[in-house]
Amino acid sequence: ALFKAELKEAFEEVKRSGAETKRLGDVCSKIGSGATPLGGKSTYLEEGISLIRSQNVLDLTFSYQGLAHISDKQAEKLDGVSVKSEDVLLNITGDSVARCCVVDDGCLEARVNQHVAIIRLKDKKQVSPKFLSLYLVAEKDFLLVEAQKGSTRKALTKSFIEDIEIPKLEFSEQSAIVAKLDAALGKSGQLKTAAEKGLEACAKLRKAILKEAFSYYVEATEDKE
């Protein structure tokens, strides 16, 4: 909640400043999704070329949980959706629609399936991938409203993504926002860790109290006998 508030405020401030905008499609060399290899899950391998699915794309975080792998032959059919370093990934269908992050280089070489769109920027000194991912996550409510317009399922179309207006800021301004939000994310992460440790300590204390109370009850019962 703390980070989301910081994220929202950062981009609300940009809007209040009257910053110009530019169409996302005009600053990208690629916006496109992939496909699931014929046979689906039954054809996935333990290792090989990564196949990125919607479950791997979290908000601002790439998850390796459940990362699938495919053969070179399967990957050849998906060469048009090869993932490159610093590509921005956006979930475009289903319940996880609008989740967004920058790909983790550790999973490369990779392809994406039909539920994930690759957003590749032409000039990363004009628009920072990290800045773009932060902006898209900040605009998630707007994206979700658009996704709900589908007649049968939640979905974001390529044309809609191309028409998204993003702030036109100098690279130094983008970097300052990224640094500020990275610090906020780190702080919220520390608070989360501290809270989790506190809950764990409370759970242990509760068990210890119950154990002590039970032992006392048993001793008191034995004394009466």
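The model is predicted, so local features need pLDDT of at least 70 and side-chain atom pairs count only at pLDDT 80 or more, while totals for chains, interfaces and linings use all residues. Residues are numbered from 1 along each chain as its sequence is written, and side-chain values use heavy atoms, with hydrogens and water left out.

Next, the core around this residue. Leu-24 is among the residues with the most contacts inside the largest nonpolar core, which has 37 residues; the others are Phe-11, Ile-119, Leu-132, Leu-156 and Ile-161. A nonpolar core is a set of buried Ala, Val, Leu, Ile, Met, Phe, Trp, Tyr and Cys residues joined through side-chain atoms within 4.5 Å; buried means under 20% relative accessible area, with a 1.4 Å probe and protein chains only. Two or more residues each come from α1, β2 (28–33), β8 (88–91), β11 (116–121), α3, α4 (140–147), α5 (158–163) and α6 (171–224). Helices (H or I, at least four residues) and strands (E, at least two) are DSSP runs, numbered from the N terminus. The largest share, six residues, comes from α3.

Select α3, residues 129–138. Eight of its ten residues are buried, so this helix is largely enclosed by the rest of the structure. The buried ones are Pro-129, Phe-131, Leu-132, Ser-133, Leu-134, Tyr-135, Leu-136 and Val-137.

Now show aromatic rings. The whole structure has four aromatic pairs, where rings of Phe, Tyr and Trp (its six-membered ring) pair if their centres lie within 6.5 Å, and planes under 30 degrees apart count as stacked, over 60 as edge-to-face and the rest as tilted. The rings of Phe-11 and Tyr-135 have centres 5.3 Å apart and planes at 70 degrees, so this pair is edge-to-face. Phe-11 lies in α1 (residues 2–16) and Tyr-135 in α3, so the pair ties together parts 124 residues apart in sequence. Phe-11 counts as buried at 2% relative accessibility, and Tyr-135 at 7%.

Finally, select the open sheet of four strands, ordered β6-β3-β10-β7 with mixed pairing. Strands pair if DSSP finds at least two bridges between them. β6 (68–70) and β7 (82–83) stand at the edges with a single partner strand each, so one side of each has no neighbour in the sheet. β7 pairs with β10 (residues 110–112) in the antiparallel sense over two bridges; Val-83 has Ala-110 in β10 as its bridge partner.

Notes:
Buried < 20%, exposed > 50% of the residue type's maximum accessible area, 1.4 Å probe, protein only.
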